[in-house]
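Here is a friendly walk through one protein model, meant to be read with the structure open beside you. Please take a look at it before reading on.

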Amino acid sequence: TSCSPRRLAPEGLVARWDEATKEVAIEWRPVPISAPATATAVPPGLPVRYRVQATLVESGKDGGGVDNPSGSSPGVIVIYTGPECRCRYRFPPGAALGSAEARFVVVAMRGLAESDPSATAACTIPAVILSYDHDMDEQGLFYYIGSKGRTQPWRNPAEAGWVTVTRSSEGNQKASDALGMKACYSYTGNQLIPSWWQVDLGAERLFTPTRYTIRHNNNPDFVPFRLQSWRLEGSVDGASWRPLDEHTNEPNAIPAKADAMATFAVERAFPSRYFRVLMT
């Protein structure tokens, strides 16, 4: 007796915010369906596993990640792979999430075969919204992290170990100086392009920026060498990067004086864990 190929398609995906645990609870049920003639047959006897992907979308926009079943988009996070028809994922409170909605996709897998269609659901996530007023207004992300949500005196969050700052090469002073409240004389160790400074917010934080401020160092001798061409980039995994803002040959973008600063709008933002300023 022969039987037609069959696949398992998850159905009835439900995602809800659990305020008590500050987690998203996700559940679904498996439903056997007949596969079309062109579909890859599911090998019998192999266990079924599920992959759950989350895409964070900024409130009121569709500017987060894109729905991509492969999970290769920088805006998509794989949050669960396993045999159970449920999982939980923590977006911790005070994580400075710039997104207010999470969209979930679950895919059934057996061997190399994957279910089609997939089940989808959305869930609203309580978000910390940080609103820009003016430069150094104590409303920004790094002030929020460095003051533990404005509950204690500010500390440099990189020096406190709450975020990680790195640079393309070691130079004068410390890499963590990039997040200091005062301008200082700190730089990378070479003059090669591209040089960069990078911030890792940590595994439990994602942030969607609307603006960012760049401050020149406090040494007048370096004013002629202020940034004129650079790109702000964001990443979920630190490997795949997407441009958020870019400036090319703009000598007046940052005022020509020591300790000068300028703020720039971000038009292509998406929820990111990593940010870097890349000199181009």
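## A tour of the model

Met-136 counts as partly exposed, because its relative accessibility is 41% (buried means under 20% relative accessible area, exposed over 50%, and partly exposed in between, with a 1.4 Å probe and protein chains only). This is a predicted model, in which local features need pLDDT of at least 70 and side-chain atom pairs count only at pLDDT 80 or more, while totals for chains, interfaces and linings use all residues. Residues are numbered from 1 along each chain as its sequence is written, and side-chain values use heavy atoms, with hydrogens and water left out.

Met-136 has another feature to look at: a positive phi of about 60°, although this residue is not a glycine. Its place is the loop between strand E8 (119-124) and helix H1 (141-146); helices (H or I, at least four residues) and strands (E, at least two) are DSSP runs, numbered from the N terminus. Arg-150 is likewise not a glycine and has a positive phi of about 65°. Arg-150 lies in the loop between H1 and strand E9 (164-167), and with a relative accessible area of 41% it is partly exposed.

**The whole chain**

Stepping back, the protein has one helix and 15 strands. Of its 280 residues, 45% count as buried. Among contacts (heavy atoms within 4.5 Å) between residues at least 6 apart in sequence, 65% join residues at least 24 apart. The protein exposes about 14500 Å², and carbon and sulfur atoms supply 51% of that area; accessible areas come from the Shrake-Rupley method with a 1.4 Å probe, and for residues only the protein chains shown count as cover.

**The core and its rings**

In soluble globular proteins, nonpolar side chains tend to be buried together. Here the largest nonpolar core holds 52 residues, and Ile-26, Trp-28, Val-52 and Phe-104 touch the most other members. Such a core is a set of buried Ala, Val, Leu, Ile, Met, Phe, Trp, Tyr and Cys residues joined through side-chain atoms within 4.5 Å. Strand E6 (residues 101-110) gives the most to this core, with four residues.

Trp-28 also belongs to a cluster, where ring pairs link it with Tyr-50 and Tyr-80. Rings of Phe, Tyr and Trp (its six-membered ring) pair if their centres lie within 6.5 Å; planes under 30 degrees apart count as stacked, over 60 as edge-to-face and the rest as tilted. The structure holds five aromatic pairs. In one of them, the rings of Trp-241 and Tyr-274 have centres 6.4 Å apart and planes at 65°, so this pair is edge-to-face. Trp-241 sits in the loop between strand E12 (230-235) and strand E13 (242-247), while Tyr-274 is in strand E15 (residues 274-279), so the pair links parts of the chain 33 residues apart. Both Trp-241 and Tyr-274 are buried.

Two charged ends sit over rings, as the table shows; the criterion is NZ of Lys or CZ of Arg within 6 Å of the ring centre and within 35 degrees of the ring normal.

| Charged residue | Ring | Distance to ring centre |
|---|---|---|
| Lys-148 | Trp-162 | 4.5 Å |
| Arg-276 | Trp-241 | 4.1 Å |

**Strands and their partners**

Arg-276 is also the bridge partner, in E15, of Glu-233. E12 and E15 run antiparallel and are joined by six bridges; two strands pair if DSSP finds at least two bridges between them. E15 pairs with strand E10 (residues 196-200) too, in the antiparallel sense over five bridges. Within E15, Val-277 is the bridge partner of Trp-197.

Trp-197 is touched by Ala-178, as is Val-165, not counting residues up to four places away in sequence. Ala-178 lies in the loop between E9 and E10 and counts as partly exposed at 45% relative accessibility.

In a regular strand the side chains alternate between the two faces of the sheet. Ala-262 is the bridge partner of Ile-214, and five bridges join E14 to strand E11 (residues 211-215), the two running antiparallel.

Asp-259 lies in the loop between E13 and E14 and is partly exposed, at 34% relative accessibility. The C-alpha atoms of Asp-259 and Arg-215 are separated by 6.4 Å, although these residues are 44 residues apart along the chain.
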